[in-house]
Amino acid sequence: ALRSEDGDILVDAVHNSRIAEVNADSNADNVRGDVTVNARSGYISDRNGSDTNITGDHAVLRAVQGIGDSTVNDDDKIETDLNTIDAINTTSGHVHIDEVAGGGVLGIIRADQQGGGDLNIRTVDGMLTVIAAGSGGFGVSAQGGVTTLTAEDAGNSGSDNLEVNNTVTSTSGDINLNVANDANFSVAGEV
């Protein structure tokens, strides 16, 4: 495990980043650092089953062969407790990220699946927002595969919506928007 009470954490791997726990709020005071995980020629994978992999304010995940792709024979998707995320996969493999913190909001600054695999980002119990360009967002983009954005409401709050404030595009794959409550689109929100 890599832990910091409030400071930023960088994990920079030449090949694969196999993550059990990276926690930039280890004292749980909700003053969070940022987390960056690079897999410069490989994948980012989960090594602790259903436990949270990454805790922080903002996370940047960059990989070449997938992020949370269960086909690499590690555990499964990357589980997060974050406010915002930037996820970029450049060549192959799938991207699968689950925000597991209850009642919060996960903002997607950028989700860029440049390989042909699927792109899945889900909140288990919270709002999912595609952040507007005016707020620093770049949208969600994929080349192929299936793109799925899901906002679930495990706590039955009735307010865990999907907010689309930027573009969600795919060159050749399907796009699925799954939401327990409402899907709201701003003027700039386009699928």
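Analyst: A salt bridge is taken here as a side-chain nitrogen of Lys or Arg within 4 Å of a carboxyl oxygen of Asp or Glu. The model is a predicted one, and under that rule Asp25, Arg32 and Asp81 are linked in a network of salt bridges.

User: How far apart are the closest N and O atoms in the salt bridge between aspartate 25 and arginine 32?

Analyst: Aspartate 25 lies in the loop between β4 (22–23) and β5 (35–39), and its contacts, leaving out residues up to four places away in sequence, include Asn30, Val31 and Arg32. Side chains of opposite charge can pair when their charged atoms come close. For aspartate 25 and arginine 32, the closest N and O atoms are apart by 3.7 Å.

User: How many salt bridges does the count come to?

Analyst: Besides the pair of aspartate 25 and arginine 32, lysine 77 forms a salt bridge with aspartate 76, where the closest N and O atoms are 3.6 Å apart. Arginine 122 and aspartate 98 also meet through their side chains, at 2.4 Å from N to O. The count of salt bridges comes to 8.

User: Which strands hold arginine 122 and aspartate 98?

Analyst: The salt bridge between arginine 122 and aspartate 98, at 2.4 Å from N to O, links distant parts of the chain, with the two residues 24 apart. Aspartate 98 also has arginine 122 as its bridge partner in the strand pairing. Arginine 122 is in strand β13, and aspartate 98 is in strand β11.

User: Which class of accessibility does arginine 122 fall into, and which does aspartate 98?

Analyst: The buried class ends under 20% relative accessible area and the exposed class begins over 50%, with partly exposed in between. Aspartate 98, with a relative accessible area of 1%, is buried. Arginine 122, at 24% relative accessibility, counts as partly exposed.

User: How many bridges join β13 to β16?

Analyst: On one side, β13 (residues 119–123) runs parallel to β11 (residues 95–99), with 5 bridges joining them, and valine 95 has leucine 119 as its bridge partner there. Towards β16, leucine 119 stands opposite threonine 147, while asparagine 120 has threonine 148 as its bridge partner. β13 and β16 run parallel, and the number of bridges joining them is 5.

User: Which residue of β19 stands opposite threonine 150?

Analyst: β16 and β19 pair in the parallel sense over 5 bridges. Within this pairing, the residue opposite threonine 150 is asparagine 178.

User: Why is β16 described as largely enclosed by the rest of the structure?

Analyst: In a regular strand the side chains alternate between the two faces of the sheet. In β16, Thr147, Leu149 and Ala151 point one way and Thr148 and Thr150 the other way, and all are buried. The strand β16 (residues 147–151) is largely enclosed because the number of its 5 residues that are buried is 5.

User: How many residues does the largest nonpolar core have?

Analyst: In soluble globular proteins, nonpolar side chains tend to be buried together. Among the residues with the most contacts inside this core are Ile67, Ile121 and Leu149, and isoleucine 67 has contacts, beyond its neighbours within four places in sequence, that include Ile44, Ile78, Val95 and Ile97. The number of residues in the largest nonpolar core is 33.

User: How far from the centre of the ring of phenylalanine 138 is the charged end of arginine 110?

Analyst: Pairs between aromatic rings come to a count of 0. A ring does take part in another arrangement, since the charged end of arginine 110 sits over the ring of phenylalanine 138. Its distance from the ring centre is 4.1 Å.

How values were computed
Residues are numbered from 1 along each chain as its sequence is written. This is a predicted model: local features need pLDDT of at least 70, side-chain atom pairs count only at pLDDT 80 or more; totals for chains, interfaces and linings use all residues. Side-chain values use heavy atoms; hydrogens and water are left out. Two strands pair if DSSP finds at least two bridges between them. Helices (H or I, at least four residues) and strands (E, at least two) are DSSP runs, numbered from the N terminus. A nonpolar core is a set of buried Ala, Val, Leu, Ile, Met, Phe, Trp, Tyr and Cys residues joined through side-chain atoms within 4.5 Å. Buried means under 20% relative accessible area, exposed over 50%, partly exposed in between (1.4 Å probe, protein chains only). Contact means heavy atoms within 4.5 Å. Rings of Phe, Tyr and Trp (its six-membered ring) pair if their centres lie within 6.5 Å; planes under 30 degrees apart count as stacked, over 60 as edge-to-face and the rest as tilted. A charge sits over a ring if NZ of Lys or CZ of Arg is within 6 Å of the ring centre and within 35 degrees of the ring normal.
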